[in-house]
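Visitor: Hi, could you walk me through this one? I'd like to ask things as they come up.

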Number of protein chains: 2
Amino acid sequence: MSQAKLDHSPEAAPSKARLRLWLKLLKTSAGIETELRRRLRDQHATTLPRFDVMSALSRNPGGLKMSQLSQFLRVSNGNVTGIVDRLTEDGLALRVAVPGDRRAQVARLTPAGVAEFARLAAEHEAWIDELLAGLALEDINEMTALLEQIQPAAPAGDAT
Amino acid sequence: MSQAKLDHSPEAAPSKARLRLWLKLLKTSAGIETELRRRLRDQHATTLPRFDVMSALSRNPGGLKMSQLSQFLRVSNGNVTGIVDRLTEDGLALRVAVPGDRRAQVARLTPAGVAEFARLAAEHEAWIDELLAGLALEDINEMTALLEQIQPAAPAGDAT
DNA sequence: AATATAAATTTCAAGCTTGAAATTGTTTTG
DNA sequence: CAAAACAATTTCAAGCTTGAAATTTATATT
């Protein structure tokens, strides 16, 4: 019979390889995210959550209900409440009553918000270009395809 | 001469492909991270930051200075202060004075912390196995290799 | 219509995170 | 050795994040 296997056996190795991949994946995305946060803060006095909300509102000029916004961004309702509050204080967003339903409100960018986001988005794209410069175009598409195969429990409102 | 290029031209496409990769990368790691946080909370009444600190201390039975801990985890000093405070309140970690230097302290796991982390780590590895089940072993190694090529500004204390 | 159920949002407490300021202790240097 | 420079840590305010509870409004059921 086959002996009990050690860590280097074919049975144990895949688990370690997956763990290694996860740590690398996490480290890479956390590293990029940290750099984006730093640049948003230092160069534009804003934050990633604010950028994300503005980005979602930018794609929906008609506005998004608070609940749609939180589903789209996959964060809690209470979370977007606070972020939209602060964007509103800064004149970048506003809340509009929904005609048929007095419970609901739609968040929209103000003209100032639209202009500000245009600036941020251009910078953001350039930053990503720079931060992913290490990968050949071929590798870019290769990795994107591989990532498609990982499907962590990600139900509803999937806007890839 | 060549005309001005549109978005689908060879010059514009790579930038969009990189942006797409970044969004996918972020979404994938955020999805896995959210699931890990949920399981740590629901099944073990703990958090990812606590797990990370315990993991670092577990690899260093002799303890780590607060500053070493924050460098290793790439978070601020003030951050680890709070997490170690809470682990200490729960009897999972403790601070030990450093002989030569009265400013410094070393954080260590208590025996209860060691035991608790053993449980958590086993679960964690199984979860990663499950969450990355969509990828063949071949793809695992392929993606790990590709991730190596992305190097976001990541100086000092690099413990991959 | 009165009641119950459901839905949209906000409020809240607790923890995480950061960068800057404050503390305390060490080392260097004039 | 006193002063200045440096180092390790904690404290702090502000923002992010969550899940649960509370509000307010809408819809469905008796």
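Visitor: What does the polar side-chain atom of S67(B) lie 2.5 Å from?
Guide: That atom of S67(B) sits 2.5 Å from a phosphate oxygen of DNA strand D. Bear in mind that this is a predicted model.

Visitor: Which elements give two or more residues to the surface near DNA strand D?
Guide: From chain A they are α2 (48-58), α4 and β3, and from chain B α3 (66-73), α4 and β3.

Visitor: Which one gives the most?
Guide: α4(A) does, with four residues.

Visitor: How many residues surround DNA strand D, and which are the closest?
Guide: There are 24, and the closest are S76(A), R86(A), S67(B), N77(B) and T81(B). By class, that surface has five nonpolar, nine polar and ten charged residues.

Visitor: Let's switch to DNA strand C. Which residues are closest there?
Guide: S67(A), N77(A), T81(A), S76(B) and R86(B) are the closest, out of 24 residues that surround DNA strand C. Sugar and phosphate make up 76% of the atoms of DNA strand C that come within 4 Å of the protein.

Visitor: Which side chains have a polar atom by a phosphate oxygen of DNA strand C?
Guide: R41(A) is one of them, with a polar side-chain atom 3.2 Å from a phosphate oxygen. For S67(A), a side-chain N or O atom is 2.6 Å from a phosphate oxygen of DNA strand C.

Visitor: New topic: in what order do the strands of the open sheet in chain B run?
Guide: The order is β1-β3-β2, with three strands and antiparallel pairing. β1 (64-65) and β2 of chain B are the edge strands, each pairing on one side only.

Visitor: What packs on that sheet?
Guide: α2(B) does, touching β1 and β3 of chain B, and its direction makes about 100° with that of β3(B). α4(B) packs on the sheet too, where it touches β2 and β3 of chain B at about 115° to the direction of β2(B).

Visitor: How many bridges pair β2(B) with β3(B)?
Guide: Six, in the antiparallel sense, with β2 covering residues 93-98. A hairpin through two residues joins β2(B) to β3(B). Among the facing residues, A93(B) has L109(B) as its bridge partner, and V96(B) stands opposite V106(B).

Visitor: Last one. Is T144(B) buried or exposed?
Guide: T144(B) counts as buried because its relative accessible area of 13% falls under the 20% cut-off. This residue is in helix α6 (residues 137-148) of chain B.

Visitor: What lies 2.8 Å from a polar atom of its side chain?
Guide: The backbone oxygen of I140(B) is at that distance from the T144(B) side-chain atom.

Methods
Residues numbered from 1 in each chain as written. Chains lettered and ligands numbered in written order. Predicted model: local features only at pLDDT ≥ 70, side-chain atom pairs only at ≥ 80, totals over all residues. Heavy atoms only, no water. Near = heavy atom within 4 Å. Polar contact = N/O pair within 3.5 Å; in protein donor to acceptor, adjacent residues only side chain to side chain. Nonpolar A, V, L, I, M, F, W, Y, C, P; charged D, E, K, R; others polar. Buried < 20%, exposed > 50% of the residue type's maximum accessible area, 1.4 Å probe, protein only. Pairing = 2+ DSSP bridges. Contact = heavy atoms within 4.5 Å. Axes fitted to C-alpha atoms, helices over the stretch in contact; angles between N-to-C directions.
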